[in-house]
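Thanks for coming. I will take the fold of one chain and then the place where two chains meet. Please have a look at the model first.

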Amino acid sequence: MVAAQLRSQAQYRTSFAIDVVGSVLFGVLDIASVLVLFRVVPTLGGFGFAEVFLMAALAVTAFAAADLAVGNVERLRVYVRSGLLDAVLVRPLGVLVQLTALDIAPRRVGRLVFGIAMVVIAVGHAHVRLTPHSVALLVITPVAGAAIFGAVFVATATVAFWWIESGEIANGLTYGGLNFTQHPITIYGEALRRLFAYAVGFAFVAYYPTLRLLDRADPLGGPVFLAYAGPLVAGVATAVAALLWRIGVRHYRSTGS
Amino acid sequence: MAIGPRMIRAYLALAAAGFRRYATYRQATFAAAATNSVFGFLRCAVVFAVVDAGARIVAGYDRAQLATFVWVGQGLIGTVLIWAPPDFADRIRSGDVVTDLLRPVDPVWHLLAIDLGRAAHSMATRFVIPIAVGALFFRLQTPRRPGTYVFFALSLLMATIVCFGCRFLVNAAAYWLLDARGPHIGWTLASGFLGGLYFPLWFFPDAAAAALIVGTPFPSIIQLPLDVLVERGSPADQLVLLTIQASWVVIMLALCRFVQRRGEEKLVVQGG
């Protein structure tokens, strides 16, 4: 199915090229926003440009990877609404696998490649000492971050099983999550930080690993090992998302149109 | 085109239909306003971090002005409707647009009337909900000069028309491209980043901000109404901003009419 999608999309070369360029530009704007903020201030939430740049680059990479892999799940509400989900359910394949393959978007690879390039530049700019330890952390972090974002994509999409007219409400956590993780969590108020950083786990996408990579203590007093908690958080988030998904699919009653 | 009382009645009826159409999507409207509010909290945290890190005034805004800028900006998203589904482009691609062309009203005015009706509906929902949420948690600035209310109302109306014009042109690209996704992506990128939604354009170097405001329609949609509302500058400055917006209203509507005429000549309805 993925191969068929890739072949069909490759038929429209110009459209595909435009999509890839657009995808890269979305990544460019993510990073440019940080540059603009640092044009007017020297520090943000107690962090300098090099530090926030690295956080933003890690966040964009993690988000882009998740968006590429499972971003299409946000179309679930369209499928539920139109009844197309019934067709998906009767096929002898996993529902989630089908949904993500149904309209896979290789064009989104642009943002991912750009994000990885930015991580490389940010690492150089912030003078991260390259040891086997820091390199391992740099590889694990975006993977764990992508899993966290992926879990958020899936978990928020399941809202459509219960609430068909939910519109773009999931965006608050998916795209909002990207917005959140691009900045140090010190800038957010207590309530927002509890919800996004700890409950959802967004602090582990970029914030804690960046502190460790740059040998900085957490101004909020978090212990050092939190830098390595990403995979664990990603595991829990994935499990919760999978559970919600299963409950959602069971709960699903066709719109019957 | 003759504008007689009958035409005006027809456009008013279309506007009323636009209003009623959106009044039926109550849950989706609420969901959208809730999403806008979540982003209000996130964006507000960022601009406050900027104020806290720098002087008390950043790029000409104080804390209350920035909070107002962010929260009213979140309300504006739904009023001017930056992100609308490409309905008209789909009609061009499918050929349904022929029905629109057969009607005795001009397609541009027809769609504008519906859009203004929609915007009127959003004033009571998507506009006020984020602002109410913002006012509940933050100190927002109410206008100090009574005239600002009038200026802002005018500015909001013009912002809606300019935004409509931009969306119409993006959709009308389908007359030539069939797949208007490229222009659509470009619009999504430009409207947020160059329009002042993600942060005030005055965070850019002054010359760049001024060039964008005068030379592109995007700031007329978000940045200018908000600058008028938070009273950045004197009443004379507000009038300058309104004049820029008015110029863009004229330019965009003229462009829409021109593009629509050329598009009709170009239109090939695919048989099937």
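A word on elements: helices (H or I, at least four residues) and strands (E, at least two) are DSSP runs, numbered from the N terminus. What you see is a predicted model, in which local features need pLDDT of at least 70, side-chain atom pairs count only at pLDDT 80 or more, and totals for chains, interfaces and linings use all residues. Residues are numbered from 1 along each chain as its sequence is written, while chains are lettered from A and ligands numbered from 1 in the order in which they are written.

Chain A, then. There are 13 helices and zero strands in chain A. A compact globule of 257 residues would have a radius of gyration near 18 Å, and the 19 Å of chain A agrees with that. That radius is taken over C-alpha atoms, and the globule rule is 2.2 Å times the number of residues to the power 0.38.

Next, contacts, meaning C-beta atoms, placed from the backbone, within 7 Å. Of the contacts in chain A between residues at least 6 apart in sequence, 80% join residues at least 24 apart.

Now the interface. Here 32 residues of chain A are in contact with 28 residues of chain B. On the chain A side, helix H2 (13-40) and helix H10 (171-181) each supply at least two residues. H2(A) gives the most to that side, with twelve residues.

Conventions
Contact = placed C-beta atoms within 7 Å.
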